[in-house]
Amino acid sequence: MSTNAVNTMTTTEIQSPLHRWVQKLMHSTDLGMMPVIAALIAIWIVFEFLNPHFLTPRNLSNLSAQIVVTGTLALAETFVILLGMIDLSIGWSSVVAASVFSVGTVFLNLPVWPCVFLGIGASVLLGFLQGLLVSRIGVPSFVVSLGGAMIAEGLVLAMLTQHGGSVPLSDNLSTAVGTLNVPPAWSWGISLVLFAAFAIVMLMRHADRRKRGAGEAHTIVIAKLAFMLAVVVIGVGLLCAYQGIPVLLMIFLAALFFCAFLTKSMRYGRHLYAVGGNAEAARRSGINVRFIQLSAFTIAGALVGLGGLLDAARLGVASATIGDGDVLLNAVAAAVIGGTSLFGGRGSVYGAFFGALVIASITNGMNLVGAPSSVRFGVEGFILLIAITLDTVLRQRRMRSGRA
Amino acid sequence: MNSASTHELLSVKGLHKKYGAVTALRDVSFTVRRGEVTALLGDNGAGKSTTIKAIAGAAPADSGSILLDGQEVQIRRPADATSLGIQTVYQDLALCDNLGICANLFLGRERVSTPFKLLRDVDMEEEARRVLKTLRVNLPSLDTPVAALSGGQRQAVAIARAVLWGTKLVIMDEPTAALGVAQTAEVLRLVRDLAGQGFGVILITHNMQNVFEVADSVVVLRLGETVMEQRKDELTPEAVVGCITGSRTTIGGMA
């Protein structure tokens, strides 16, 4: 995202590139994905050191499926957090989707696909109604979603208590989604074709910019693409060394790329960031602030529903106990660890991916090492605190520079 | 200064506005010429903000008329003013700090391609560079977040946005209030340039030095009335201050 176009700052001291880079870092107000990727590398090195099974294809394949639920819910939460709001209902709302799906398929013998839509639809409705209260009336999202979470919990108990609190799934779709991998040949094919399409779009835009006398040097663009290709090849290669890309991960990545498209390439995303950054300025610019808020909660609802169904598919059961656990906390933590600012307007959907990877890596690694949950919670909490402290420090830095 | 283009752009006649029992504007009349900077002065509560709100459509006047290019216009809402080519650069600038320069310039009016409303970033960047060049504004690369800019640069972005949106008249509310010396000079240069390019500019300020540096004509309001409308050349700072505070009675030239 850094077009180093005609940089015409008035300061003209000559510095070495490294010095300039360090300077930029020291005064930066937005570090993007850098902290979370650094944390991830550190975590992986530590666990690989403690247990050499950590970075094996088999464990990484497990890990890649373990990030899916947290990642999808973190993706949902990212939309709301980008507005500077919070949605505390996503944990229970996701279980509502799973419950509707399980009751529909197991007890009402409905066909699978309508149940998928009913389940996700239930979460969408919950998100939409909460969004209405937030955007039309202006009730703080914190309280609205707290109430929403309680209502969702009530709905889950109403649906599942009579069936003993949990319903094992038996349909083919959830079994396939929860257990299968995309065969290696297909995994390679799909990922390379998608990467090629992405690269072509990048190069065309780059050519367009260059033609108009702007844009980065060719080498920078090529280097970026080569780096991304390397990441894709290593990632897919590792997963294919085991059994291929898990279907769960495929679905999550599809949702991730769709959200990235929505927030980065479409006008909607620009407006979402604008409302999160300065709602009053957005309103004066003619942006429909209420619509953006309502739609963000609704989109979050859809992703929450998807996350709930994926969780049920992974576990093979829709269970009322899931909502009680750390589903919500993990999702919020993942989004924040991924660099999305709780103050709104800053962050990225990719943060949800990396944040979920951090959380899942800690859980997975701690299990491998045989550490008790107490240690795991301690470490996760510690990392979350670092992330939120960093966010706050950067914000204070922005406030200072903003008034200079 | 720019005697080539001294046509009337905006003419305000007999604006009257009441907020409940309080009369905010009694009789405000003045004229803004194309290619000129008109300084709008007055003490707190003199009616500057109310006048601006009436012209910008934020709070229409109860009576009186506004003529743009000699035609009487109805400005009931901010959107009316915008579509007539009147832009207000508010004191708080209304910028999104988290977005880049280019994103702010086109905020709410992004160039998009159908059917997915995809942002045409390359087109927007090109046009932004063109406008910034005509304004002779030096800014870092266009995706730099506005949060990283200095106060003067932020002001420049807000002004460039007004220009980009096909404006004839730019209203600036205290543009130099929070700026240092060098940045103030830069913004005043920009104001002067705007007028030089044929825009009409209304400049609200408390800084008498600014007025005498950039304004072509001076309008003073007191208690909701125009008490002075004169060419700057005929004035001294003391006369203007006297008129603002009311310690000196009016000296002709008013409507």
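In which sense, right-handed or left-handed, does helix 5 of chain A pass helix 13 of chain A? The crossing is right-handed, meaning that the near helix is turned clockwise from the far one by less than a right angle.

1. Basis of the note. This is a predicted model, in which local features need pLDDT of at least 70, side-chain atom pairs count only at pLDDT 80 or more, and totals for chains, interfaces and linings use all residues. Residues are numbered from 1 along each chain as its sequence is written, and chains are lettered from A and ligands numbered from 1 in the order in which they are written.

2. Helices 5 and 13 of chain A. Helix 5 (residues 112-137) of chain A and helix 13 (residues 289-315) of chain A have axes that come within 7 Å and cross at roughly 150 degrees. Helix 5 of chain A is therefore roughly antiparallel to helix 13 of chain A (angles over 145 degrees). Their contact comprises 15 nonpolar, 11 polar and 2 charged residues; Ala, Val, Leu, Ile, Met, Phe, Trp, Tyr, Cys and Pro count as nonpolar, Asp, Glu, Lys and Arg as charged, and the others, Gly among them, as polar.

3. R314(A). This residue belongs to helix 13 of chain A. R314(A) is partly exposed, with 18 other C-beta atoms within 10 Å (buried is 20 or more, exposed 12 or fewer, partly exposed in between). Neighbours within four places in sequence aside, R314(A) is in contact with A65(A), V69(A), G178(A) and L248(A) (C-beta atoms, placed from the backbone, within 7 Å).

4. Helix 3 of chain A with helix 10 of chain A. Helix 3 of chain A packs against helix 10 (residues 247-265) of chain A at an angle of about 30 degrees, the axes being 9 Å apart. These two helices are therefore roughly parallel (under 35 degrees), and their crossing is left-handed. The contact has 9 nonpolar, 3 polar and no charged residues.

5. Helix 3 of chain A with helix 14 of chain A. Here helix 3 (residues 57-82) and helix 14 (residues 327-337) pack at about 65 degrees, with axes 8 Å apart, in a right-handed crossing. By class, this contact has 8 nonpolar, 4 polar and 1 charged residues.

6. Nonpolar core. The largest such core has 181 residues, and V191(B) and L203(B) have the most contacts inside it; a core is a set of buried Ala, Val, Leu, Ile, Met, Phe, Trp, Tyr and Cys residues joined through C-beta atoms within 7 Å. Helix 13 of chain A gives the most to this core, with 13 residues. Beyond four places in sequence, L203(B) touches residues including V37(B), L40(B), M172(B) and V191(B).

Conventions:
Axes are lines fitted to C-alpha atoms, for helices over the stretch in contact, and angles run from 0 to 180 degrees between N-to-C directions. Helices (H or I, at least four residues) and strands (E, at least two) are DSSP runs, numbered from the N terminus. Angles under 35 degrees count as roughly parallel, over 145 as roughly antiparallel, 65 to 115 as roughly perpendicular and the rest as oblique. Two residues are in contact if their C-beta atoms, placed from the backbone, lie within 7 Å.
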